[in-house]
Amino acid sequence: MSFNINLRSLMPEFFKLSKTTLIKGMQCELYLYLLKHRPKEKTPHDALTLQKFDQGKSFEARFKDTFPGGIAVDQALGKDIYAIGSSFTKAIFEQGQAATLFEACFLYRQTLVMADVCQVYADGSFDLYEVKNGTEAREVFLRDMAIQYYVIKNTRQELRHFYLVLNDGEDGFVVKDMTETLEAELPRLEALVPRLLQTLLLPEAPEILMGAQCHKPYDCEYIAYCTKKK
Ligand code: SF4
C-alpha cells in the first residue's frame, strides 16, 4: 500500500522518554538520569552485544517480510521519525484503510514508542506484533511490551491484540497473544512513568548505590562511570 500524506503538514510532537530509556529507568533510575544528563560518559557496547543486536534485527526483518506491502515508517521519515512519526501514524489511521506499518509511532505522556509491526484494519482496529529473537517469553521482553502496551492502549483504544513473536529454535516464528498479560501490567506503568519523568527533572543525580541492578537484566552502560565515582 502507498500513502498519500503531505509530510510537511504533519505537526512535530515532542517526547522525553522512549521505550529504550524507560526500560533502562526500570533497571535503575540513576541509569535513566545519566542517559539524559551525562550521555558522553556511557561505555560503548562491546562487539558481542552489537552482534546480538544485528541478529535480532535480521530475525525481525524476516518476520516483517511476511507482511508484503508494509509501510516502513522509519524509512519513509528517516531521522524525522522522532519528531513527526506519531503524527504520521495518526494520519495513516485517519485514512480509514487497511495498512501494515513497520515502526508505527505512538506518543502518550511524553513517551514515544515504535511498534515492530502494526496491522491496521479498515474499521480502525489494529493488532501489534513485537518480534524478539528468543525462544522464551523472558521478563525483560515483558517489560518492553508492557511499556508499548501502556502507551499504545492509552493512545488508541481500538487495539485488539498484542502479539509476541518468538524464535521457534529453528529460525521460524512462534506467535503468542500477550494482550491479557499486558492489560494486567497497566497499573504498574501508570505509577512508573510519571515518577521517571520527575527523575529526569531532578536538579542532581539520585543517590543510588551500585548493586545487583547494574547487571540485571543487562550490564548497565555506566558501570565504569559509577565505579569511578564510588
Ligand atoms: S552502574 Fe549501577 S548504579 Fe550506576 S547507573 Fe548503572 S545500574 Fe545504576
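Me: Which residues does C118 touch, leaving out those up to four places away in sequence?
Reply: C118 touches F93, A99, T100, L101, A104, F106, F126, D127 and L128, where contact means heavy atoms within 4.5 Å.

Me: What sort of model is this?
Reply: This is a predicted model, in which local features need pLDDT of at least 70 and side-chain atom pairs count only at pLDDT 80 or more, while totals for chains, interfaces and linings use all residues. Residues are numbered from 1 along each chain as its sequence is written, and side-chain values use heavy atoms, leaving out hydrogens and water.

Me: OK, back to C118. Where is it found?
Reply: C118 is in strand β4. Strands (E, at least two residues) and helices (H or I, at least four) are DSSP runs, numbered from the N terminus.

Me: Is C118 buried or exposed?
Reply: C118 counts as buried because its relative accessibility is 0%. Buried means under 20% relative accessible area, exposed means over 50%, and partly exposed is in between, using a 1.4 Å probe and protein chains only.

Me: How far apart are C118 and C105?
Reply: Their C-alpha atoms are 9.6 Å apart in space, and the two residues are 13 apart in sequence.

Me: Moving on to E130. Where does it lie?
Reply: E130 is part of strand β5, which covers residues 126-131.

Me: Why does E130 count as buried?
Reply: Its relative accessibility is 2%, so E130 counts as buried.

Me: And what does E130 touch, apart from residues up to four places away in sequence?
Reply: E130 touches K19, D116, D144, M145, Q148, F162, Y163, L164 and V165. One of these, K19, is also a buried residue of helix α1.

Me: Then why is helix α1 called largely enclosed?
Reply: Helix α1 runs over residues 19-27, and seven of its nine residues are buried, so the rest of the structure largely encloses it. The buried ones are K19, L22, I23, K24, G25, M26 and Q27.

Me: What do those buried residues of α1 pack against?
Reply: They pack against strands β1 (17-18), β4 (111-120) and β5, and against helices α2, α6 (139-155) and α7 (179-201).

Me: New topic. Which residues are around the ligand?
Reply: The ligand has C28, L30, Y31, L34, M210, Q213, C214, C220, Y222, I223 and C226 around it, each with a heavy atom within 4 Å of it.

Me: Which helices supply at least two residues of that shell?
Reply: Helices α2 (29-37) and α8 (223-229) each do. The largest share, three residues, comes from α2.

Me: What about R156, where does that lie?
Reply: R156 is in the loop between α6 and β6 (159-167). At 18% relative accessibility, R156 counts as buried. Leaving aside neighbours within four places in sequence, R156 is in contact with K90, F93, F106 and F126.

Me: What is the peptide bond from K216 to P217 like?
Reply: That bond is cis, with omega near 5°. P217 sits in the loop between α7 and α8.

Me: What is phi for E103?
Reply: Phi of E103 is near 65°, a positive value in a residue other than glycine. E103 is in strand β3 (residues 99-108), and it is buried, with a relative accessible area of 8%.

Me: And for D171?
Reply: Phi of D171 is near 70°, also positive in a residue other than glycine. D171 lies in the loop between β6 and β7 (173-177) and is partly exposed, with a relative accessible area of 44%.
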